[in-house]
Amino acid sequence: MMHTLTSIQAAQQFAGLTSKWTRLNGHVVSKRWSSSQRPHNVAKRWASSQRPPNLAKRWASSQRPPNLSKRWSSSPNLAGRKSFSALTAFGWREFGGNEAGSVFKSLPCSLAISRRTSAVQAVVATPSPRTDSNADVAKELGFAKIEEQFIEEYKSTAILYRHEDTGAEVISVVNEDENKVFGIVFRTPPKDSKGIPHILEHSVLCGSRKYPLKEPFVELLKGSLHTFLNAFTYPDRTCYPVASTNIKDFYNLVDVYLDAVFHPRCIDEVQTFQQEGWHYELNDPSEDLTLKGVVFNEMKGVYSQPDNVLGRVCQQAVFPENAYSVDSGGDPNAIPDLTFHEFQDFHRKFYHPSNARIWFYGNDDPNERLRIISGYLREFQRNSAAEDSEVKVQKLFSEPKRVVAKFPVGEAGDTKKKHMVCLNWLLSENPLDLQTELALGFLDHLMLGTPASPLRKALLESGLGEALVGGGIEDELLQPQFSVGLKGVSHDDIPRVEELIFSTLRGLIEEGFTDEAVESSMNTIEFSLRENNTGSFPRGLSLMLRSVGKWLYGGDPFEPLKFSQPLAALKARLAAEGTKAVFSPLIQTYILDNQHRVTVELQPDGEKAAQDENFERKRLEQVKASMTEEDLAELARATEELRRRQETPDPPEALKAVPCLSLSDIPKEPISVPNEVGELCGSTILCHDLFTNDVLYTEVVFDLRTVRSDLLPFVPLFCQSLLEMGTKSMDFVQLSQLIGRKTGGISVYPSTSSLRGKVEPSSHIIVRAKAMVSQTADLFSLIRTVLQDVQFEDQQRFKQFVAQSKSRMESRLTGGGHAISASRMDAKINVAGWVSEQMGGLSYLEFLKNLEKRVEEDWPSVKENLDEIRRLVFSKKGALVNLTADAKGLIAAEPHVALLLKSFPETSGAEISNWDIRLPAINEGLVIPTQVNYVGKAANIYESGYKLNGSAYVVSKYIGNSWLWDRVRVSGGAYGGFCDFDSHSGVFSYLSYRDPNLVKTLDNFDGTVQFLRELQLDSDSLTKAIIGTIGDVDSYQLPDAKGYSSMLRYLLGVTDEERKQRREEILSTSLKDFHEFATALEIVKEKGVVVAVASADDIQAANEERPGLLDVKVVL
Ligand SMILES: [Zn+2]
C-alpha cells in the first residue's frame, strides 16, 4: 500500500485528469498505467529507477493502480528494488505504452504539457557544495560522518552520517541535479491488519505543532512548486518524500514534512484519526449506523480488486511468521477494531529519530540540510525503536504449501474461466551477495521481461489463462521472492499451469538462453541505466527508494547506487562461463530445489461482495443494538461535531503559518523548448535541440482520421500486433530481441484529443522510439520494419492479445472505475471522447468480448481489418517526425528519417473519415462487484458561452483542493474527489474515487456553483492558488518529455503566444474570475451527464431516491 498523499507528477502523467490526482492521497492512477495497451507491461516492478510516482506508492499496500498490475498486484516491490533494481530499471517500459490507451483525451489542456525548464528555475543561486568545510559543520551539529563515496554513475558525492544523540542516519547526496529531493523513512512493521501504518501516514500530514491547521499538506498542494509531494506506506516502512527545483520552496516543504512526522496533532486529537481512519457515523439516533473513514474506504476499494487480493494472499502466505503476514494498509474488516490508543502508541514508538533514515539529494548546500534536521533531532534522545522495529527473518519451509482463497466477481459473464493461480518462492533466509542478486535480476528479465521472454511466452501461448500474475523476482522486502502465475484460468487447468511453469523452468536449466536473448536483455538494461530516465519521477527519489531497500535492513546503502562495476563483472562472467553456467544453477537452487514454495489458488466468488456487505451491516446493527439511548445521542453529537470541524475553514493566522512563495518568485515567461519546424520529403519535421546525453528520441506520427469509425476499436490491437507479430523473415521473438539489442525501445499507440473550436478531433498513431545516437540507422530501419514488414498472420497470438486486453480492461473497471466513467462521459459529449472510448473505454471492452469469437470463427476478416488500417494510416500525407537530441544527433538523424519517409506512399488515397459520432447522452449506472463507487458528472462549458481564460486552470485546481476535497473526501469519506477541465474540448468533469456515496456526491458536485459564488479569498490564498497552478504548468521535465510536449502542442495548435497569454491570465487571476466561473459551471449542474460505476445496491438505492436517475447496465 503505498499510499501517497498526492502527487502532482502523477497528475502530470495523467494528462487527462491532472489536477484531480493530486488529491488522491496516494493512489494515483496515472494514465500510462491505465493504458490499455502497454505491451511490455510486465514490468512495472522493474521500473525502480523510472517508476512514476504513483507506482511507487501503491506498492506497499495493496494499492497499485489497476493495470499497472498486469503481473502483480500487491506485492511489495516496486519501490526500492535493491541493488539489482538498478539493473532492472527499464526506461523503455515507461516509455513504451506511455500515452497509450487513452481513455482520456491525450492532452486535455495545453497547460499540462508546458513545463518548467531548468534555466528558469534558478531562483536562488546555490553555493557550490564541495567547497564548504562540511566536516566541521557536521561535527558542530552533532553528526558523525560514517562514510563518504563518490558515485561515478550519477556524478554524485554521497555521505552517510549518524546523529550522535539519537542514532538517526542521514545520507546527503550532492550533485548538479536541480530537482532536489528530501525524504524521511521510518521502519513501521505492523503487528495486525488494523491499518495503523497507513492511517498514520495519512494523519500526520493533517496538522502539526508549527503548522496548526487542518491539512498543511493540502496547503502545499495548493500553493507550492513541488515536483513531488507524497507519502507511501509499505509493508514494513513509511516514506515521506518531497522534491522541488526551487530552493526556497524545497526548504519550505522539508520543514512542513519534518514537523509533521515528529510533532503531528493527530496523536492528540481523536478527530483526525476518525476522519482518516474510521468512525461510526450517525446523523440522527433513528437512522442506521454507518462506517466512514478515508483509509477505510480506500482499502475497501483495494479489497474489491481481484489483482490486489491475489497479491495480498501471496505475500501473507510466503511470510506467515513476520510482519508481512498482515496488511499494513488495513483490512476493512479489521480497521474498525483499531483504537486511538494503539494508534498513538505506534507513533510514539516508531516515529522517532532513532528509527529514522533521512535522505537529501541535489544541488543545494549540504550544510544547510544538516542545520535543518538538527533543529528537529535535538529535541530527542535515543530510544529503542531501532530494535523494536526490526523485521524478523522468515525461516524457510521444509515443504511446499498450498493456499486457496476467494475473490469477489460480479454476475455478468462466465465465472468458470476466472480462477487465478500463482506460484511463489521465498528465495533465501539471508541476504544474497551482490553478484547473485544481480544475476537474479538479470535472470528475471530474461525469463519474463519482454513478450519474447520464454517463461512469459510459454504461459501466454499455452492458452491456459488470459494474463500473467506475479511480480517475478522481487527484492524490495527483507528477503527476495519469486512469483509467477496466470489469471483467467479454468479450475481444471490449474494443475496444467503449475506443470507448465515447472517444465519451462526445467527446460531453461537444460537449454539456457540464446545469445540474442542475453544480448537483448543486456542492452535494454544498460541503456536504461545510462539514460536514467525516471520520467516525471525525480531521479533523486528513485535513488532514495533503491538505497533504502538495503539501508533499512542494515545493508550498504551505497551499493544499490553503483552499477558499472557489478555489471561489467556479470558481463565478464557470462563471456567466460557462458549463460548456462551462470543462470541454470540459479534456477535450480533458488527455485526448483527450493522447498519454500506456496501455490496460491484464487477462486471467483459471486457471493463474496454481498457477504462483505452483510458482514459490515451485521456488525453495525450489533453495535447499534448494544448502544444505550445516551450513547446514540452522544454519537450523533460527535458526528455533528466532526462535520462542523471538517467544514470550518482554518483561521487565517493558522494558514499563514505554512510558508509560501510570492508571485515575485515566479518566472513571468513560459518555459520555452527549442522547436524548429521543417519539411523533409513532403512531411513535417520538428527538431528540439536539447542535451540528451547522446540519446536520440523520436516520434513518428500518422494521421488516424483516415480510418473508418468501425475500425477504431481494432487500433490498439493493431498497434500491439506491429510490435509483437513478427515479419516474413523474423518471428516476433527475433524482432523483439532485435529491438532490445539495437534500441532503447519502440512503442506504438493511438493518441486523440479535441481541437478547440472544432468538431473533428486530432487523432494520431504515434510511434515512439529511442536509441543511442550511434544506433540511429538501426533505429529508423527497425521503425520501418515494424510499420511495413510485420505480417498479421498469427491467429493464436492475436487471440492472446484480445484475451490480455479484455483482462486488463476488466481490472481497470474494478480498480479505476473513475477512468471508465470519465471516458464514458466524454464519449457522450464530444467526438474525441467517443474515439478514445472506442479504443479504451467500456465500448472497447464490449468490442473485445465479441471479437474473441470472431477471431475464432472468421480470422480472415479480422486480418483484413488489420491490413486495412495499415493501408489507410501509413502514408506521407499528414505524417510528422519529431526529433529530440543535441544538434549533432539531429543532423545525424536526418538522412535516416528521409529514408524512412521515402519508403511510404505519398498518400493512402483515403479521405478524412467523418467521425461525427457520440454516445447517447443518457445518465448511466454501470454495475460492477465493488464495495466502493466511482461517480462522475460532466458537461461542455463552452456551450454555455464561456470563453477560455487562463484563470480557469487556477479556479479548477482550487475547486479540487478545497470544496471537493473537503466535501467528497474529508466529510464524504471518499478516497478522492476531483475535477478536470479540458481546455481543448471545453469538458468540465467532476469525479470521485473509492466513494461510499453516490447521490450525495452528485449533490456535492452541484454545490460547487454556490461555493464559488459565495467564495471569499484573501490575497494570500489567491496567491497560493496561482502559484500552485504555475507549479503544474511548469512541471519538471527531462529532455525527452520536453520534446514530446512541444510536439503535442504543435499538433494541437497551441502557440507560444497563446501560452504566454494564458500564463499572464493565470498570474492575474482575481476573485472575480472565481465568481464568473460559477456561472460557467451552471451548465454542468443543470445539464451535465452522469456516469456512476458502482455496486448494484447503491445504483438501485440512487434510483429509489431519485427515480429515473440512472440507466442500469451490468458490466461485470
Ligand atoms: Zn492511503
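Figure 1. Of the 1116 residues of the protein, 70% count as buried. The model shown is a predicted one. Its secondary structure comprises 45 helices and 29 strands. A search of the whole structure finds 72 salt bridges.

Figure 2. Helix α11 spans residues 216–223 and is mostly covered, with eight of its eight residues buried. The buried residues are Pro-216, Phe-217, Val-218, Glu-219, Leu-220, Leu-221, Lys-222 and Gly-223. The list includes the charged residues Glu-219 and Lys-222.

Figure 3. Helix α26 covers residues 608–625 and includes Glu-621. The side chains of Lys-608 and Asp-612 meet in a salt bridge, with a distance of 3.1 Å from N to O. Both residues lie in α26, four residues apart, which is about one turn of the helix. Lys-608 counts as partly exposed because its relative accessibility is 21%, a value that falls between the limits of 20% and 50%. Asp-612 has a relative accessible area of 14% and is therefore buried. Glu-621 belongs to a patch of negative charge on the surface, where it gathers with Asp-284, Glu-287 and Asp-288.

Figure 4. Side chains of opposite charge can pair when their charged atoms come close. The side chains of Lys-1072 and Glu-1076 meet in a salt bridge at 3.3 Å, N to O. These two residues are four residues apart in helix α44 (residues 1071–1087), so about one helical turn separates them. Lys-1072 counts as exposed because its relative accessibility is 55%. Glu-1076, with a relative accessible area of 41%, is partly exposed.

**Figure 5. A buried salt-bridge pair and a salt-bridge network.** The side chains of Glu-559 and Lys-550 meet in a salt bridge, with 3.8 Å from N to O. Both Glu-559 and Lys-550 are buried. A separate view shows Lys-457, Glu-461, Glu-724 and Arg-797, which are linked in a network of salt bridges.

**Figure 6. Two asparagines with positive phi.** Asn-532 is not a glycine, yet it has a positive phi of about 50°. Asn-532 is placed in the loop between α22 (515–531) and α23 (539–551). Asn-532 counts as buried because its relative accessibility is 9%, and the limit for burial is under 20%. Asn-693 is likewise not a glycine and has a positive phi of about 60°. Asn-693 is found in the loop between the strands β18 (683–689) and β19 (695–703). Its relative accessible area of 46% makes Asn-693 partly exposed.

**Figure 7. Ser-490 and its contacts.** Ser-490 is found in the loop that runs between strand β15 (481–489) and helix α21 (494–511). Ser-490 has a relative accessible area of 18% and is therefore buried. When neighbours within four places in sequence are left aside, Ser-490 is in contact with Lys-416, Lys-417, His-419 and Leu-464.

Figure 8. Val-404 is found in strand β12, which covers residues 401–408. Its relative accessible area is 47%, so Val-404 counts as partly exposed. Val-404 and Gln-603 are 199 residues apart in sequence, yet their C-alpha atoms are 7.4 Å apart in space. Not counting residues up to four places away in sequence, Val-404 touches Glu-601 and Gln-603.

Note on methods: Residues numbered from 1 in each chain as written. Predicted model: local features only at pLDDT ≥ 70, side-chain atom pairs only at ≥ 80, totals over all residues. Heavy atoms only, no water. Patch = residues over 30% accessible without salt bridge, like charges linked within 9 Å, V, L, I, M, F, W, Y side chains within 5 Å. Areas by Shrake-Rupley, 256 points an atom, 1.4 Å probe, with all protein chains shown as cover. Salt bridge = Lys/Arg side-chain N within 4 Å of Asp/Glu carboxyl O. Charge placed at Lys NZ, Arg CZ, Asp CG, Glu CD. Buried < 20%, exposed > 50% of the residue type's maximum accessible area, 1.4 Å probe, protein only. Contact = heavy atoms within 4.5 Å.
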